[in-house]
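Subject: Structure handover

Hello,

Here is the structure I promised to pass on. Please open it before reading further.

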Amino acid sequence: MKLSDIADNSGARKKRMRVGRGIGSGKGKTSGRGGKGQTARSGVRIKGFEGGQMPLHRRLPKRGFHNVFRLEFVEINLDRLQEAIDAKLVDVGSVINAESLVKARVLRRAKDGVRLLGRGEIKAKLNIEVHGASKSAIAAVEKAGGTVKILAPAKTDEGAAA
């Protein structure tokens, strides 16, 4: 075998189809786009158009509700907070809030606030400021001798006020 004998397998290198190069090429004249109309032009085609028939996305009923006032909280469990304390990422002596958790890279971003959840257990005495906390999380922190301050306003029963 010589260096000049080396070649690709047949069909391994395929040339791209050059459209609009004469009728004999098989892709001449309309270049495989058919005749006239919107689909023959460049850049335009009605998405979801079904030839005047009511399109599927309009035939199906609308469902659900999107609340524009919804707040997106980042959740953190007690065990994750204890891991950060053990790794010396969070200072136990100072106030632990959303900014300090983001700075310590325990959380990526604060979104609309932090919500403390009760999975795991906490050993250190902490002073925590969060936008929400579960009852079990508050009980666990207070059992360890710490405090939890809720920054978000308390929810009121609007039905009882009327």
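Below is what was found, from the whole chain down to single residues.

Please note that this is a predicted model.

Overall build

The chain has 5 helices and 6 strands. In sequence order they run α-β-α-β-α-β-β-β-α-β-α.

Now for the dimensions. A compact globule of 162 residues would have a radius of gyration near 15 Å. This chain comes out at 32 Å. The C-alpha trace spans about 85 × 70 × 20 Å along its principal axes.

Surface, burial and contacts

Of the 162 residues, 21% count as buried. The accessible surface is about 13,500 Å². Carbon and sulfur atoms hold 51% of that surface.

Residues 24 or more positions apart make up 42% of them.

Charge

The chain carries 34 positive and 16 negative charges.

Which strands form the open sheet, and in what order? There are 3 of them, in the order S1-S3-S5, and the pairing is parallel. Strand S1 covers 74–77 and stands at one edge, while S5 stands at the other. Each edge strand has a single partner strand, so one side of each is left without a neighbour in the sheet.

Strands of a sheet pair through backbone hydrogen bonds, either parallel or antiparallel. Here, S1 and S3 (residues 114–117) pair in the parallel sense over 4 bridges.

Two residues to look at

Start with Ser-134. This residue sits in the loop between strand S5 (132–133) and helix H4 (135–143). Is Ser-134 buried or exposed? Its relative accessibility is 15%, and the cut-off for buried is under 20%. Ser-134 therefore counts as buried. Leaving aside residues up to four places away in sequence, Ser-134 touches Arg-115, Leu-116, Leu-117 and Gly-118.

Then go to Thr-39. Thr-39 lies in the segment before helix H1 (56–59). With a relative accessible area of 39%, Thr-39 is partly exposed. That class lies between the 20% limit for buried and the 50% limit for exposed. Which residues does Thr-39 touch, not counting those up to four places away in sequence? They are Arg-33, Val-44 and Arg-45.

Best wishes

Notes:
Residues are numbered from 1 along each chain as its sequence is written. This is a predicted model: local features need pLDDT of at least 70, side-chain atom pairs count only at pLDDT 80 or more; totals for chains, interfaces and linings use all residues. Side-chain values use heavy atoms; hydrogens and water are left out. Helices (H or I, at least four residues) and strands (E, at least two) are DSSP runs, numbered from the N terminus. The radius of gyration is taken over C-alpha atoms; the globule rule is 2.2 Å times the number of residues to the power 0.38. Buried means under 20% relative accessible area, exposed over 50%, partly exposed in between (1.4 Å probe, protein chains only). Contact means heavy atoms within 4.5 Å. Accessible areas come from the Shrake-Rupley method with a 1.4 Å probe; for residues, only the protein chains shown count as cover. Lys and Arg count as positive and Asp and Glu as negative; His and the chain ends are not counted. The place of a charge is taken as NZ of Lys, CZ of Arg, CG of Asp or CD of Glu. Two strands pair if DSSP finds at least two bridges between them.
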